[in-house]
Amino acid sequence: MSKFFNFINKNKFILFLYTCFLGLAICIATLKFQCSPFWANSSHSDVWVYSVTGNSWAHGIIPYKDIFEVKGPAFYFLWLVFSWINPWSMTAPYIALIVIYFLTCIVSFLLSKIWLSEKLSFMSTVIFLSALYFFDSINEGNTASWTVEEISVLPILYFIYLVCRELKFAEIEDKSVKAKYWIVNGLGFSFIAWSKYQILGSYLGVFIAILILCVLKKITWQRFRKVVLLNIASFIVISGLIIAYFISVNGLNALVNCYFFNKTDRINSNVFPSEIYNAFEFIYRAFITSSPLYFAFTVVFILSLSVNKFANNMYKDLKLIIILGFAFTIICESLFIRWGQNRIIMFCFIIFGVIWLLKCLSNYAKMIIKTPFIVIICLAIFCQFSISFLHNITHYRTAFYKSSPMTQINNSFV
């Protein structure tokens, strides 16, 4: 018993962090997921399509071959697992969301901790995650959840964290990222590639930036070849398993036609000038007109890269990686199929703006690193997001469910 209490005393802050992150994950999952216990009698179509596909697959009905779908098999494999755990139940997806958000909190904290203290990293995580996951809900009342975009934030942030850590500690061999972590990253890359390849823009931008830095001899190819090679190796292994399975069930042609060819047919087919205009309009609405708060986040992010004194001290060679990763993410998410949840991926890089701002404030205001102050600020920020979210989403759901066909159908059986 004494060893237990000694462990508690030595790890008070870590336990505090994990408790807060778990609480934040539960809050986000409960409020965002329409089929969570917080919301009753949800008829959100997309979630039930995922569930139908996963449960059908468990009963021998092969996706793409027997059911038309355009999302990738890796995404529906998760729903197949959920159907094995508890068929037609939303409990497993709800718990999975909590785990994903919890891990996202930890990765966000570790990324912030490269530049900030533990206390400021905690503050950065709460600000960033609250903003990111409630972004598409504050003004629009959109609670669409379990989208590929939302769960892809975790592997994208993890990839950014590994690259930042590798570059930041490039001269210290003991702190170099081990191969096993790059293999895990490769699995995340493969999941996105076989779920919704449009989201791979962030990976593409970072890989191109690494190649440019290697050509400019800012970094050595030997140091980063494992980044590319291990991602490719993981992708080949996962792709081989997926292809082998669909060959065995005689569904490979259907997979290729649905996931690659029919998916591209859904891409907006306007003429080129019009498509460019629509893309810029989407970006303008996402970053400028959607909310003054997110416009402020965007301005802070741009400042973090443009103010040379701070940017050069903080980022150095990472600056090119951040810029290209952000740029390619915007291109891929705005030029192709444009859904509201695309903005979640576009805002992944905004965490650098939050880190930069807290870094600047900590240099001039020591009070910001005191624990009570951090807790109060984080609670205030989270409450602001959640209250705005609940106000808008309750109004939206009330208006939506009164007029939705599903509600009218349900009422006809009462």
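Predicted model: local features only at pLDDT ≥ 70, side-chain atom pairs only at ≥ 80, totals over all residues.
Residues are numbered from 1 along each chain as its sequence is written, and side-chain values use heavy atoms, with hydrogens and water left out.

**View 1. Helix α5 meets helix α6.** Let us start with α5 (residues 91-113) and α6 (residues 118-134), whose axes come within 8 Å and cross at roughly 130°. Helices here are DSSP runs of H or I with at least four residues, numbered from the N terminus. Axes are lines fitted to C-alpha atoms over the stretch in contact, and angles run from 0 to 180 degrees between N-to-C directions. The two helices are therefore oblique to each other; angles under 35 degrees count as roughly parallel, over 145 as roughly antiparallel, 65 to 115 as roughly perpendicular and the rest as oblique. Their crossing is right-handed, meaning that the near helix is turned clockwise from the far one by less than a right angle. On the α5 side, look for residues including Y101, C105 and F109; their partners in α6 include F122, F128 and Y133. The residues of this contact divide into seven nonpolar, six polar and two charged. Ala, Val, Leu, Ile, Met, Phe, Trp, Tyr, Cys and Pro count as nonpolar, Asp, Glu, Lys and Arg as charged, and the others, Gly among them, as polar.

**View 2. Helix α4 meets helix α5.** The axes of α4 (residues 73-85) and α5 come within 8 Å and cross at roughly 125°, which makes α4 oblique to α5. This crossing, too, is right-handed. W79, F82 and I85 of α4 meet A92, P93 and A96 of α5. By class, the contact has six nonpolar, no polar and no charged residues.

View 3. S108 is buried, with a relative accessible area of 0%; buried means under 20% with a 1.4 Å probe, protein chains only. Leaving aside residues up to four places away in sequence, S108 touches T125, F128, L129, L157 and I351, a contact being heavy atoms within 4.5 Å.

**View 4. The salt bridge of E149 and K196.** The closest N and O atoms of this pair are 2.5 Å apart. A salt bridge is a side-chain nitrogen of Lys or Arg within 4 Å of a carboxyl oxygen of Asp or Glu, and by this rule the count comes to one. E149 lies in helix α7 (residues 148-168) and K196 in the loop between α8 (179-193) and α9 (201-215), so the pair ties together parts that are 47 residues apart in sequence. Both E149 and K196 are buried.

Definitions and conventions:
Buried < 20%, exposed > 50% of the residue type's maximum accessible area, 1.4 Å probe, protein only.
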